[in-house]
Amino acid sequence: MNLSTSISHLKFKSCICNASGPKCSLLEELQNLDNSVSCAVITKTSTLEKREGNPQPRYYDNLLGSINSMGLPNQGHNYYIKHSEKINKPYIISMTGFSLDELITVLTNIIISKTNFNKKIDGIEINLSCPNIIGKGQIAYDFKELDNYLKEICFIYSNLLERFNEKPILGIKLPPYFEIHHFETAGEIISKYPIDFITCINSIGNALLVDIKNESTVIKPKGGIGGLGGSYVKPTGLSNVRNFYLQFKKRNRDIKIIGCGGIETGKDAFEYILCGADLLQIGTQFYKEDVGCFNRILKELTEVMKYKKYNNIDEFKGKLKTI
């Protein structure tokens, strides 16, 4: 049974890894992922400087999923550059900035570390979709800004890495879209640029869960408003993967799709791949179950594939039938 996949030149032994978010902020957590069956190690979304994030409590989960308003707590981007050589698996730095200038500074520093100091950085995932920063909107919902950001990002990326044959793969983490014409617009913008992959979806923003016993919110920041994850968001995640798969296919663009949102079982994983995902990230379930979730989900996915007589994921990837 072959569960391997690839994004551009970067090969992965399986199709399941962690999502940037839970349990990937500190070196010990990154090494825990490195020692697991996760096919890659993806860092917490890093910013220019270290951040403490939003006030506690800022995470809550139940049987259906989770809500969080973390506020991007992380060790600062230099921490993840510094410790990159301690990771053996494909290592992807998630990053963002609170302005375009700040984002470009972080990106430039990461690339210079790769080019001048040969740091082990295999990929860069630029988070344009965090819904939990107080007073900040999500760039990827402003299509004019999305276009402008990608133009600047790809200019820096291409020029600083022009002498390298095997550059770090470059991708963007997107929020969930809900209107069909939004997929058309976003797909057209993204297809203009040398983007290797997109990750969809980030959590659904501006959700609210209520503690009926205490008649209160379950998290503190933003009056209890946060990003929704887990089973709650799986149908939206599947729709986003499917719609972007069709958009890129229509435009003859080989942009890979990392599916994320509510993947708890091998069946969930199979559905995402069937809709067009090349790789899968686990967030809420990883937080609940720790690294054991990767092995379990891969085993369950293998059983589904055996039952359906598939030998590798390419045999059913993107082949969702419509009725």
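**Close-up views of a predicted model**

**View 1. Helix α4 packs with helix α5 at an angle of about 20 degrees.** In this predicted model, α4 covers residues 143-160 and α5 covers residues 180-191. Their axes lie 10 Å apart. Angles under 35 degrees count as roughly parallel, so α4 is roughly parallel to α5. The crossing of α4 past α5 is right-handed. Two packed helices are described by the angle between their axes and the distance between the axes.

**View 2. Residues of α4 meet residues of α5.** From α4 come Phe143, Leu146, Asp147 and Leu150. From α5 come His182, Thr185, Ala186, Ile189 and Ile190. Phe143 also belongs to an aromatic cluster.

**View 3. Tyr141, Phe143, Tyr177, Phe183, Phe244 and Phe248 form one aromatic cluster.** Phe143 lies in α4, where it takes part in the contact with α5.

**View 4. Tyr79 and Tyr80 form an edge-to-face pair.** A search of the whole structure finds 12 aromatic pairs. In the pair of Tyr79 and Tyr80, the ring centres are 5.2 Å apart and the planes meet at 75 degrees. Planes over 60 degrees apart count as edge-to-face, which is why this pair gets that label. Are these residues buried or exposed? Tyr79 is buried, with a relative accessible area of 19%. Tyr80 is buried too, at 0%. The cut-off for buried is under 20%.

**View 5. The charged end of Lys23 sits over the rings of Phe286 and Tyr287.** From the ring centre of Phe286, the charged end of Lys23 is 6.0 Å away. From the ring centre of Tyr287, the distance is 5.7 Å.

Notes
Residues numbered from 1 in each chain as written. Predicted model: local features only at pLDDT ≥ 70, side-chain atom pairs only at ≥ 80, totals over all residues. Heavy atoms only, no water. Phe/Tyr/Trp six-rings, centres within 6.5 Å; stacked < 30°, edge-to-face > 60°. Buried < 20%, exposed > 50% of the residue type's maximum accessible area, 1.4 Å probe, protein only. Lys NZ or Arg CZ within 6 Å of the ring centre and 35° of its normal. Axes fitted to C-alpha atoms, helices over the stretch in contact; angles between N-to-C directions. Helix = DSSP H or I, 4+ residues; strand = E, 2+ residues; numbered from the N terminus. Parallel < 35°, antiparallel > 145°, perpendicular 65-115°, else oblique. Left-handed = near helix turned anticlockwise from the far one by under 90°. Contact = heavy atoms within 4.5 Å.
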